[in-house]
Amino acid sequence: MATTAHPERPPAISEHWEWQLQGACRQADGELFFHPYGEREPSRSRRERDAQAVCARCPVLVRCRAYALAAQEPYGVWGGLTETDRQHILAEVDASVVGASRSADVA
């Protein structure tokens, strides 16, 4: 059975995770940030916008976003980014790395 590689999660050291205690999401319903099974439009967009509004006033938004991108979090709204937002950002990063690699090979 083939397995797919998952990005390595950041180490479980409390100093690396304490920022989560300051998240605005801790005062909100957790279901706001993760879609329920079978959720469809327009409910999904509305829920994601509501979650992003919570993120917009969060004191650790940048740290949360950086974590979600580094860990390639596959689900939920993290740091104001939806699953789709993160997929697009990571695809752009991958494309720029491939382009830079090709440029270096030519030089």
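Start with the lining of the largest pocket: 14 residues are nonpolar, 4 polar and 1 charged. Here Ala, Val, Leu, Ile, Met, Phe, Trp, Tyr, Cys and Pro count as nonpolar, Asp, Glu, Lys and Arg as charged, and the others, Gly among them, as polar. A pocket is an open set of points on a 1 Å grid over the protein atoms alone, where a 1.4 Å probe fits, with protein on both sides within 12 Å along at least five of seven lines; lining residues have an atom within 4 Å of a point.

This is a predicted model: local features need pLDDT of at least 70, side-chain atom pairs pLDDT 80 or more, while totals for chains, interfaces and linings use all residues. Numbering runs from 1 along each chain as its sequence is written, and side-chain values use heavy atoms, without hydrogens and water.

Select W19, C25, C64, V77 and W78. Of the 19 lining residues, these lie nearest the pocket centre. The space is about 300 Å³, taken as the volume filled by probe spheres set on the grid points, which are joined across faces, edges and corners. Now colour α2 and α3 (61–71): each supplies at least two lining residues. Helices are DSSP runs of H or I, at least four residues, numbered from the N terminus.

Next, E48 in helix α2. E48 is buried at 13% relative accessible area (buried is under 20%, exposed over 50%, 1.4 Å probe, protein chains only). Beyond neighbours within four places in sequence, E48 contacts V77 and T82 (heavy atoms within 4.5 Å).

Finish at D29, in the loop between α1 (14–17) and α2 (43–56). D29 is exposed, at 51% relative accessibility. The D29 side chain reaches the backbone nitrogen of E31 at 3.1 Å.

Note on methods
Polar contact = N/O pair within 3.5 Å; in protein donor to acceptor, adjacent residues only side chain to side chain.
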